[in-house]
Amino acid sequence: MSQTKTELLQGNLYINGEWISEEEQTYFESINPATQELVGTCAAAKASQVDDAVKAASTAYSHWKNTSIPERAAFLTKAAELFEDRKEELAQVMTKEMGKPLTESIGEVGVVIATAQYMAGEGRRLFGEIVPAGFPDRDIKMVREPLGVVACITPWNFPVSLASYKMFAALIAGNTVVWKPASEVALSAKIFMEVLHAAGLPKGTINLLTGSGRIVGQKLATHSEVKIISFTGSTEVGQQLAEMSSKTLKRISLELGGKNAVIVLKDADLDKAAEGIIKSAFTTTGQRCTAASRVIVERSVKEELLKKVIALTKEMKVGNGLEQGVVIGPLVNEQQCRLVEDYVQKAVEEGGNIAFGGRALSELGTCYYMPTIIDNVHSNHTIAQEEIFGPVLAFIEVNGYEEAMSVNNGTMYGLSTSIYTSSLHYASRAAKDAVSGLVYINNGTSNAEMGVAFGGMKMSGNGHREVSHHAFDVMTEWKSVYTNY
């Protein structure tokens, strides 16, 4: 059923505690990928408004950094309660904007709530250090201090959970925030910011800028008053931001792409492996940085595993994420769907065999693609090297553990690796040998937990971590204080 005019949402900018829309403000549309219906319109920030937001955050910083940590924590605790009240509403808008099944969206709001509660608690553990002095009548202490304005730039696949990782760590540490979400999920960002506004955060402490990455993102990356950039997205854009921010010596945290693999050895429980593989590969329609896009399997069990994975994949219902029982929604837009089509075609041209799927589901709409499994893939094929960000899984045969680990490590990425085996020997070796920020033993590649450092190696990131207290390595800096008495 088509939406009525009154059902359409409008997203404005949030600067210095107020919702802003100027007379000459331009707007862009948010389109539901499942139906192609208009969800609403969102303000596109101008360069001058980026300056306004940064100025507001910079002005608010002097007060916020001197606000006691328990008081900062109280705002996050209040926000957690308010997110609970608006969980269903926010989840509905997320699903309409980017397509993931409603159950996933509801779960994502749950992650936001947990993150707010976790970071509120971590505020009490922003410990410093006492260092023995080398001279008499002297005390030495090292303390963590905030840096100032943090620019949080987030993607569309997890519209609010990734924002919460960055923003709540920044806020509890005493920084202020300017947030630039992906345009595809600008209305979800609006609701997120409404909740923080209702929690009573002081004016200027948080600011929302929706619009073009070319205008907003680049301006934030080069702005002299922005002290930290926290970015999640593609490796290519991360490299560009790093280059742009280098002239002002900003601290930059990059959580980037992945080409994650599930290694399955011949002694593995194949039923559990198959289940872990499809959840890792096809949840969020494969549009997540930790999605499994490669299965590296010992030759002797490949055919059996492939049959099990195909059987489970056939049971997965594809459709509108708001419909009951749907576990695979549409891709975020038509461009992403065409990109997936191109990768599948390239895989076939290079010698891969489509074992399942391999086509767009045009009968459902313009953004749907079948979960696809491609066999006979070699480690040097394009589909085994490049991030696809879609529901495509490549099977690669190997002769044993040594070759499997060599193939796993043989890409430019290093985010998440999974291995299924009943051998303590190989499980322990994999934990050491995998060049990945995340290693899972007998579990899929996408199963992170709160409080555990999240991030990748090689071109999957620049060494910083999120989710755990290690986020404060980005959001604070050390000050050494010498006191002679």
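The largest nonpolar core of this predicted model has 57 residues, and those with the most contacts inside it are Phe83, Met167, Phe168, Trp179, Phe192 and Leu196. A nonpolar core is here a set of buried Ala, Val, Leu, Ile, Met, Phe, Trp, Tyr and Cys residues joined through side-chain atoms within 4.5 Å; buried stands for under 20% relative accessible area, exposed for over 50% and partly exposed for what lies in between, with a 1.4 Å probe and protein chains only. Methionine 167 touches Cys152, Val177, Trp179, Phe192, Met193, Leu196 and Ile206, leaving out residues up to four places away in sequence, where contact means heavy atoms within 4.5 Å. A second, separate core holds 30 residues, including Val262, Val264, Ala268 and Val295. In soluble globular proteins, nonpolar side chains tend to be buried together.

Residues are numbered from 1 along each chain as its sequence is written, and side-chain values use heavy atoms, with hydrogens and water left out. Since the model is predicted, local features need pLDDT of at least 70 and side-chain atom pairs count only at pLDDT 80 or more, while totals for chains, interfaces and linings use all residues.

Helices (H or I, at least four residues) and strands (E, at least two) are DSSP runs numbered from the N terminus. H9 has 13 residues and reaches 18 Å from its first C-alpha to its last, close to the 18 Å expected at 1.5 Å a residue; the expected span is 1.5 Å times one less than the number of residues. Buried in H9 are Leu270, Ala273, Ala274, Gly276, Ile277, Ile278, Ser280, Ala281 and Phe282. These buried residues pack against strands S13 (260-264), S14 (292-298), S16, S17 and S19 (416-420), as well as helix H10 (299-314).

Serine 230 is found in strand S11 and counts as buried because its relative accessibility is 1%. Leaving aside neighbours within four places in sequence, serine 230 is in contact with Ala151, Cys152, Ile153, Lys166, Ser253, Glu466 and Met475. Serine 230 and threonine 154 are 76 residues apart in sequence, yet their C-alpha atoms are 8.2 Å apart in space. Asparagine 32 sits in the loop between strand S4 (26-31) and strand S5 (38-44) and is buried, with a relative accessible area of 6%. Beyond residues up to four places away in sequence, asparagine 32 touches Glu37, Val39 and Lys96. Histidine 381 is found in the loop between strand S16 (372-375) and strand S17 (392-398); at 9% relative accessibility, histidine 381 counts as buried. Its contacts, apart from neighbours within four places in sequence, are Glu350 and Asn376.

On a 1 Å grid over the protein atoms alone, a cavity is a set of points where a 1.4 Å probe fits but cannot get out, a pocket is an open set with protein on both sides within 12 Å along at least five of seven lines, and lining residues have an atom within 4 Å of a point. Grid points are joined across faces, edges and corners, and a volume is the space filled by probe spheres set on the points. The largest pocket contains about 1100 Å³ of space. Its lining has 40 residues, with Trp156, Phe231, Gly233, Ser234 and Val237 nearest the centre. Helix H8 (235-245) is among the elements that each supply at least two lining residues, and H8 gives the most, with 6. By class the lining has 17 nonpolar, 16 polar and 7 charged residues, where Ala, Val, Leu, Ile, Met, Phe, Trp, Tyr, Cys and Pro count as nonpolar, Asp, Glu, Lys and Arg as charged, and the others, Gly among them, as polar.

The second largest pocket holds about 810 Å³. Of the 34 residues that line this pocket, Phe158, Arg288, Ser446, Asn447 and Ala448 are the closest to its centre.

The largest cavity has a volume of about 100 Å³, and among its 14 lining residues Gly286, Ala291, Ser293, Ile388 and Phe389 are the closest to the centre.
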